Amino acid sequence: MNNLELKRAILQKIEEFQTIIIARHVKPDGDCIGSSLGLREILRLSFPEKRILSVGRPASSFFDFIGSEDPDVGEEIYREALVIVLDTANRDRIDNENYIRAPFVIKIDHHIPVEDYGHINYVREDLPATALIIADFYETFKNKLKMNSFAARALFIGTVTDTGRFKYSGVNAETLKLAAMLLSYDFDITKIYSYLYIRDISEFKMHGYILNKFKTTPRGVAYFVITQRLLKKFNISAEAASSLINVLDSIRGHLIWIFFVENKKGVYRVRLRSRLIPINELAARYEGGGHAQASGATVRGKGQIKKLVIEADLLVGEYKDRNPGAF
Ligand SMILES: [Mn+2]
(Lines give C-alpha, C1' and ligand atoms only; values in the text may rest on other atoms or scores of the structure.)
Protein backbone atom coordinates (compact mmCIF):
# COMPACT_ATOMS: atom_id res chain seq x y z
CA MET A 1 0.00 0.00 0.00
CA ASN A 2 1.23 3.48 -0.76
CA ASN A 3 1.09 6.40 1.66
CA LEU A 4 -2.43 7.54 0.78
CA GLU A 5 -3.81 3.99 0.75
CA LEU A 6 -2.37 3.39 4.22
CA LYS A 7 -3.95 6.59 5.53
CA ARG A 8 -7.30 5.59 3.97
CA ALA A 9 -7.08 2.16 5.58
CA ILE A 10 -6.41 3.76 8.97
CA LEU A 11 -9.35 6.15 8.64
CA GLN A 12 -11.58 3.26 7.61
CA LYS A 13 -10.64 1.35 10.79
CA ILE A 14 -11.26 4.45 12.91
CA GLU A 15 -14.71 4.79 11.36
CA GLU A 16 -15.42 1.10 11.91
CA PHE A 17 -14.73 0.91 15.66
CA GLN A 18 -16.85 2.36 18.44
CA THR A 19 -14.03 2.26 20.99
CA ILE A 20 -10.55 3.50 20.17
CA ILE A 21 -7.63 3.34 22.61
CA ILE A 22 -4.43 5.25 21.92
CA ALA A 23 -1.25 3.79 23.41
CA ARG A 24 2.37 4.98 23.40
CA HIS A 25 5.88 4.03 24.51
CA VAL A 26 7.27 3.71 28.04
CA LYS A 27 8.95 6.81 29.47
CA PRO A 28 6.90 9.08 27.23
CA ASP A 29 8.48 12.19 25.76
CA GLY A 30 6.84 15.32 24.39
CA ASP A 31 6.14 13.75 21.01
CA CYS A 32 4.57 10.71 22.62
CA ILE A 33 2.18 12.70 24.81
CA GLY A 34 1.63 15.45 22.23
CA SER A 35 0.74 13.05 19.42
CA SER A 36 -1.49 10.94 21.72
CA LEU A 37 -3.49 13.87 23.11
CA GLY A 38 -3.59 15.58 19.71
CA LEU A 39 -4.98 12.48 18.01
CA ARG A 40 -7.43 11.85 20.88
CA GLU A 41 -8.79 15.40 20.57
CA ILE A 42 -9.11 15.22 16.76
CA LEU A 43 -10.98 11.91 17.02
CA ARG A 44 -13.23 13.08 19.87
CA LEU A 45 -14.18 16.21 17.93
CA SER A 46 -14.70 14.32 14.71
CA PHE A 47 -16.56 11.31 16.13
CA PRO A 48 -18.39 12.54 19.27
CA GLU A 49 -20.42 9.30 19.48
CA LYS A 50 -17.30 7.13 19.88
CA ARG A 51 -15.37 6.35 23.06
CA ILE A 52 -11.79 7.51 22.57
CA LEU A 53 -9.10 7.11 25.23
CA SER A 54 -5.40 7.78 25.58
CA VAL A 55 -3.93 5.28 28.02
CA GLY A 56 -0.46 4.79 29.48
CA ARG A 57 1.00 4.28 32.93
CA PRO A 58 1.49 7.56 34.84
CA ALA A 59 4.81 9.11 33.85
CA SER A 60 6.93 12.04 34.98
CA SER A 61 4.89 15.21 35.42
CA PHE A 62 7.10 17.24 33.07
CA PHE A 63 4.62 17.03 30.19
CA ASP A 64 1.46 17.46 32.26
CA PHE A 65 1.10 20.94 30.77
CA ILE A 66 0.09 19.32 27.45
CA GLY A 67 -2.97 17.70 29.04
CA SER A 68 -4.00 14.51 30.84
CA GLU A 69 -4.17 10.99 29.59
CA ASP A 70 -7.10 8.77 30.65
CA PRO A 71 -7.06 6.33 33.55
CA ASP A 72 -6.76 2.74 32.36
CA VAL A 73 -9.93 0.80 31.73
CA GLY A 74 -10.52 -2.87 32.39
CA GLU A 75 -8.95 -5.33 29.98
CA GLU A 76 -12.40 -6.44 28.73
CA ILE A 77 -12.88 -3.19 26.82
CA TYR A 78 -9.80 -3.92 24.73
CA ARG A 79 -11.51 -6.98 23.23
CA GLU A 80 -13.73 -4.77 21.14
CA ALA A 81 -11.42 -1.79 20.70
CA LEU A 82 -9.18 -0.49 17.98
CA VAL A 83 -5.76 0.20 19.52
CA ILE A 84 -3.54 2.80 17.87
CA VAL A 85 0.05 2.68 19.14
CA LEU A 86 1.99 5.90 18.58
CA ASP A 87 5.71 6.69 18.40
CA THR A 88 6.82 3.14 19.32
CA ALA A 89 9.19 1.09 17.16
CA ASN A 90 8.86 -2.28 18.88
CA ARG A 91 6.44 -4.35 20.95
CA ASP A 92 8.60 -4.32 24.11
CA ARG A 93 8.40 -0.55 24.40
CA ILE A 94 4.58 -0.37 24.29
CA ASP A 95 3.41 0.90 27.69
CA ASN A 96 0.15 -1.04 27.69
CA GLU A 97 0.09 -4.84 27.92
CA ASN A 98 -3.62 -4.94 27.08
CA TYR A 99 -3.08 -3.86 23.48
CA ILE A 100 -2.57 -7.53 22.68
CA ARG A 101 -6.28 -8.26 23.42
CA ALA A 102 -7.50 -5.85 20.75
CA PRO A 103 -8.93 -7.35 17.54
CA PHE A 104 -7.12 -4.69 15.52
CA VAL A 105 -3.88 -2.79 16.19
CA ILE A 106 -2.43 0.08 14.17
CA LYS A 107 1.17 1.19 14.54
CA ILE A 108 1.93 4.82 13.65
CA ASP A 109 5.57 5.78 14.06
CA HIS A 110 8.51 7.70 12.61
CA HIS A 111 11.41 5.63 14.01
CA ILE A 112 13.52 3.22 11.97
CA PRO A 113 11.20 0.19 11.60
CA VAL A 114 12.14 -2.50 14.12
CA GLU A 115 9.00 -4.61 14.38
CA ASP A 116 5.68 -4.72 12.53
CA TYR A 117 3.49 -5.41 15.54
CA GLY A 118 0.33 -3.89 14.04
CA HIS A 119 -2.25 -5.18 11.58
CA ILE A 120 -1.52 -1.90 9.83
CA ASN A 121 2.00 -0.49 10.22
CA TYR A 122 2.25 3.11 9.13
CA VAL A 123 5.85 4.29 9.48
CA ARG A 124 6.96 7.68 8.14
CA GLU A 125 10.71 7.99 8.45
CA ASP A 126 10.46 11.14 6.33
CA LEU A 127 8.76 13.06 9.15
CA PRO A 128 10.74 13.96 12.29
CA ALA A 129 7.89 13.55 14.81
CA THR A 130 4.85 11.32 15.24
CA ALA A 131 2.91 14.52 15.98
CA LEU A 132 3.57 15.56 12.37
CA ILE A 133 2.26 12.24 11.06
CA ILE A 134 -0.97 12.99 12.93
CA ALA A 135 -1.01 16.58 11.61
CA ASP A 136 -0.54 15.25 8.07
CA PHE A 137 -3.30 12.66 8.63
CA TYR A 138 -5.64 15.45 9.68
CA GLU A 139 -4.58 17.59 6.69
CA THR A 140 -5.31 14.72 4.29
CA PHE A 141 -8.84 14.16 5.60
CA LYS A 142 -9.71 17.64 6.82
CA ASN A 143 -13.11 17.46 5.13
CA LYS A 144 -13.94 14.56 7.48
CA LEU A 145 -11.85 15.38 10.57
CA LYS A 146 -11.93 18.31 12.99
CA MET A 147 -9.06 20.15 14.66
CA ASN A 148 -9.06 22.73 17.44
CA SER A 149 -6.44 24.75 19.27
CA PHE A 150 -6.00 22.12 22.02
CA ALA A 151 -5.13 19.46 19.41
CA ALA A 152 -2.97 21.83 17.37
CA ARG A 153 -1.08 22.92 20.50
CA ALA A 154 -0.45 19.31 21.57
CA LEU A 155 0.83 18.39 18.10
CA PHE A 156 2.97 21.52 17.96
CA ILE A 157 4.57 20.63 21.31
CA GLY A 158 5.26 17.10 20.02
CA THR A 159 6.90 18.60 16.96
CA VAL A 160 9.12 21.15 18.71
CA THR A 161 10.30 18.65 21.33
CA ASP A 162 11.19 15.91 18.83
CA THR A 163 12.94 18.30 16.43
CA GLY A 164 14.95 20.24 19.04
CA ARG A 165 12.91 23.36 18.15
CA PHE A 166 13.24 22.67 14.39
CA LYS A 167 16.99 22.16 14.63
CA TYR A 168 17.63 18.43 14.07
CA SER A 169 18.55 16.92 10.72
CA GLY A 170 15.12 15.42 9.93
CA VAL A 171 13.48 18.85 9.63
CA ASN A 172 12.30 19.46 6.05
CA ALA A 173 9.86 21.55 4.04
CA GLU A 174 6.98 19.25 5.01
CA THR A 175 7.79 19.77 8.71
CA LEU A 176 7.46 23.53 8.40
CA LYS A 177 4.32 23.36 6.24
CA LEU A 178 2.57 21.18 8.81
CA ALA A 179 3.87 23.29 11.71
CA ALA A 180 2.52 26.39 9.95
CA MET A 181 -0.90 24.72 9.69
CA LEU A 182 -0.79 23.97 13.44
CA LEU A 183 0.27 27.54 14.25
CA SER A 184 -2.77 28.90 12.44
CA TYR A 185 -4.72 27.80 15.54
CA ASP A 186 -4.77 29.99 18.62
CA PHE A 187 -2.35 28.99 21.39
CA ASP A 188 0.39 30.69 23.38
CA ILE A 189 3.82 29.73 22.09
CA THR A 190 5.68 31.76 24.77
CA LYS A 191 4.00 29.74 27.51
CA ILE A 192 4.92 26.49 25.77
CA TYR A 193 8.59 27.48 25.63
CA SER A 194 8.49 28.54 29.30
CA TYR A 195 7.29 25.07 30.25
CA LEU A 196 10.03 23.53 28.12
CA TYR A 197 12.96 25.75 29.14
CA ILE A 198 12.52 26.87 32.75
CA ARG A 199 14.81 24.79 34.97
CA ASP A 200 15.39 24.45 38.67
CA ILE A 201 18.56 26.03 39.96
CA SER A 202 19.95 22.56 40.79
CA GLU A 203 20.03 21.76 37.08
CA PHE A 204 22.04 24.88 36.31
CA LYS A 205 24.56 23.96 39.00
CA MET A 206 24.83 20.44 37.56
CA HIS A 207 25.18 21.93 34.08
CA GLY A 208 28.20 23.96 35.22
CA TYR A 209 29.71 20.93 36.93
CA ILE A 210 29.43 18.82 33.77
CA LEU A 211 31.04 21.54 31.64
CA ASN A 212 33.97 21.58 34.05
CA LYS A 213 34.42 17.83 34.45
CA PHE A 214 33.50 16.04 31.21
CA LYS A 215 36.06 13.71 29.68
CA THR A 216 37.26 13.34 26.10
CA THR A 217 38.95 10.65 24.01
CA PRO A 218 41.88 11.10 21.58
CA ARG A 219 39.79 11.03 18.41
CA GLY A 220 36.80 12.98 19.59
CA VAL A 221 34.22 11.54 21.96
CA ALA A 222 33.03 13.72 24.86
CA TYR A 223 31.44 11.87 27.76
CA PHE A 224 30.38 12.17 31.36
CA VAL A 225 29.41 9.63 33.99
CA ILE A 226 26.62 10.66 36.35
CA THR A 227 26.76 8.46 39.45
CA GLN A 228 24.01 8.12 42.03
CA ARG A 229 26.29 9.96 44.45
CA LEU A 230 26.44 12.94 42.10
CA LEU A 231 22.65 12.96 41.67
CA LYS A 232 22.34 13.10 45.43
CA LYS A 233 24.94 15.84 45.77
CA PHE A 234 23.10 18.07 43.30
CA ASN A 235 19.68 16.97 44.51
CA ILE A 236 18.56 16.26 40.97
CA SER A 237 16.62 13.36 39.41
CA ALA A 238 18.29 10.97 36.97
CA GLU A 239 15.81 12.14 34.38
CA ALA A 240 16.62 15.83 34.83
CA ALA A 241 20.34 15.08 34.74
CA SER A 242 19.96 12.99 31.54
CA SER A 243 18.18 15.85 29.84
CA LEU A 244 21.42 17.85 30.03
CA ILE A 245 23.06 15.62 27.39
CA ASN A 246 23.25 18.37 24.80
CA VAL A 247 25.49 20.55 26.95
CA LEU A 248 28.22 18.47 25.26
CA ASP A 249 27.12 19.09 21.68
CA SER A 250 29.02 21.43 19.38
CA ILE A 251 32.50 20.83 20.85
CA ARG A 252 34.95 21.18 17.96
CA GLY A 253 36.35 17.83 16.86
CA HIS A 254 33.99 15.85 19.14
CA LEU A 255 31.41 14.19 16.94
CA ILE A 256 29.94 11.81 19.52
CA TRP A 257 28.88 12.76 23.04
CA ILE A 258 27.62 10.37 25.68
CA PHE A 259 26.08 10.42 29.14
CA PHE A 260 26.17 7.40 31.44
CA VAL A 261 23.52 7.83 34.12
CA GLU A 262 23.62 5.36 37.01
CA ASN A 263 20.09 4.00 37.40
CA LYS A 264 20.74 1.52 40.14
CA LYS A 265 24.05 0.46 41.55
CA GLY A 266 26.41 -0.33 38.67
CA VAL A 267 23.73 -0.13 35.94
CA TYR A 268 23.93 2.86 33.65
CA ARG A 269 21.41 4.24 31.17
CA VAL A 270 23.38 5.50 28.18
CA ARG A 271 22.39 8.54 26.16
CA LEU A 272 24.28 8.74 22.87
CA ARG A 273 24.25 11.73 20.55
CA SER A 274 26.27 12.56 17.45
CA ARG A 275 26.59 14.79 14.48
CA LEU A 276 27.28 13.22 11.06
CA ILE A 277 28.08 9.73 12.43
CA PRO A 278 25.29 7.11 12.82
CA ILE A 279 25.44 5.67 16.34
CA ASN A 280 22.31 3.50 16.48
CA GLU A 281 24.26 0.32 15.62
CA LEU A 282 26.67 1.01 18.45
CA ALA A 283 23.68 1.46 20.78
CA ALA A 284 22.17 -1.81 19.51
CA ARG A 285 25.28 -3.67 20.72
CA TYR A 286 24.47 -2.45 24.25
CA GLU A 287 20.80 -3.39 24.68
CA GLY A 288 19.64 -0.25 22.93
CA GLY A 289 18.86 1.50 19.68
CA GLY A 290 17.12 4.55 18.31
CA HIS A 291 17.83 7.18 15.70
CA ALA A 292 21.01 7.65 13.66
CA GLN A 293 21.97 10.73 15.66
CA ALA A 294 20.23 10.03 18.98
CA SER A 295 20.14 6.63 20.65
CA GLY A 296 19.86 5.01 24.06
CA ALA A 297 21.48 1.93 25.58
CA THR A 298 22.29 0.22 28.88
CA VAL A 299 25.69 -0.80 30.27
CA ARG A 300 26.60 -2.75 33.38
CA GLY A 301 29.74 -1.82 35.28
CA LYS A 302 32.70 0.46 34.64
CA GLY A 303 34.32 -2.03 32.23
CA GLN A 304 31.41 -1.75 29.81
CA ILE A 305 31.49 2.05 30.01
CA LYS A 306 35.13 1.96 28.95
CA LYS A 307 34.40 -0.52 26.16
CA LEU A 308 31.55 1.54 24.73
CA VAL A 309 33.65 4.73 24.84
CA ILE A 310 36.50 2.98 22.99
CA GLU A 311 34.09 1.74 20.30
CA ALA A 312 32.65 5.25 19.91
CA ASP A 313 36.19 6.63 19.64
CA LEU A 314 36.89 4.12 16.85
CA LEU A 315 33.76 5.26 14.99
CA VAL A 316 34.88 8.89 15.15
CA GLY A 317 38.39 7.90 14.02
CA GLU A 318 37.06 5.98 11.02
CA TYR A 319 34.78 8.84 10.10
CA LYS A 320 37.55 11.42 10.29
CA ASP A 321 39.86 9.22 8.17
CA ARG A 322 37.23 9.07 5.43
CA ASN A 323 36.19 12.73 5.73
CA PRO A 324 39.27 14.86 6.23
CA GLY A 325 38.55 18.30 7.61
CA ALA A 326 35.26 17.31 9.16
CA PHE A 327 34.31 19.24 12.24
MN1 LIG B 1 8.90 10.71 18.42
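**The cavity**

I looked up what lines the largest cavity and found Ile10, Ile14, Leu39, Ile108, Tyr122, Ile133, Ile134 and Phe137. Two elements give two or more residues each to that lining: helix H1 (3–16) and helix H3 (130–140). H3 gives the most, with 3 residues. The space inside comes to about 40 Å³. I'm working with a predicted model here, so I keep in mind that side-chain atom pairs count only at pLDDT 80 or more.

**The cores**

Next I checked the largest nonpolar core, which has 51 residues. Which members touch the most others? They are Ile14, Ile84, Ile108 and Met147. Ile14 and Ile108 are names I already had from the cavity lining.

Leaving aside neighbours within four places in sequence, I get contacts from Met147 to Ile42, Leu45, Tyr138, Ala152, Leu155, Met181, Leu182 and Tyr185.

**Ile21**

I picked Ile21, which lies in strand S1 (residues 19–23). Buried or exposed? Ile21 counts as buried, because its relative accessibility is 0%. Setting aside neighbours within four places, I find Ile21 in contact with Leu53, Val55, Val73, Ile77, Tyr78, Ala81, Leu82, Val83, Ile84 and Asn96. One of these, Ile84, was on my core list as well. I also checked Tyr99: this residue is 78 residues from Ile21 along the chain, and their C-alpha atoms are separated by 8.6 Å.

**The manganese ion**

Which residues hold the protein donors of the manganese ion? I noted Asp31 (OD), Asp87 (OD), His110 (NE2) and Asp162 (OD), at 2.2 to 2.3 Å from the ion. Written as a spacing in sequence, the donor residues read D-x55-D-x22-H-x51-D. Asp31 in helix H2 (residues 30–46) and Asp162 in helix H4 (residues 149–162) are 131 residues apart, so this pair links distant parts of the chain. Asp31 is buried at a relative accessible area of 0%. Asp162 is also buried, at 17%, since the cut-off for buried is under 20%.

I moved on to strand S8 (residues 256–264). With 7 of its 9 residues buried, S8 is largely enclosed by the rest of the structure. Strand S7 (residues 221–226) pairs with S8 in the parallel sense over 6 bridges, and Ala222 stands opposite Trp257 in S8.

With strand S9 (residues 267–274), S8 pairs in the antiparallel sense over 8 bridges. There I found Phe260 with Val270 as its bridge partner. The hairpin of S8 and S9 has 2 residues between the strands, and Gly266 in that hairpin takes a positive phi near 80°.

**The second largest pocket**

My last stop was the second largest pocket, with about 440 Å³ of space. Of its 14 lining residues, I have Lys215, Phe224, Val225, Thr227 and Lys302 as the closest to the centre. Which elements each supply at least two lining residues? They are helix H7 (201–213), S7, helix H8 (228–234) and helix H11 (301–322). H11 has the largest share of the lining, 4 residues.

Terms used:
Residues are numbered from 1 along each chain as its sequence is written. This is a predicted model: local features need pLDDT of at least 70, side-chain atom pairs count only at pLDDT 80 or more; totals for chains, interfaces and linings use all residues. Side-chain values use heavy atoms; hydrogens and water are left out. A nonpolar core is a set of buried Ala, Val, Leu, Ile, Met, Phe, Trp, Tyr and Cys residues joined through side-chain atoms within 4.5 Å. Buried means under 20% relative accessible area, exposed over 50%, partly exposed in between (1.4 Å probe, protein chains only). Contact means heavy atoms within 4.5 Å. Donors are N, O and S atoms within 2.8 Å of the metal (3.2 Å for Na, K and Ca); water is not among the atoms, so sites may look incomplete. Two strands pair if DSSP finds at least two bridges between them. On a 1 Å grid over the protein atoms alone, a cavity is a set of points where a 1.4 Å probe fits but cannot get out, and a pocket is an open set with protein on both sides within 12 Å along at least five of seven lines; lining residues have an atom within 4 Å of a point. Grid points are joined across faces, edges and corners, and a volume is the space filled by probe spheres set on the points.
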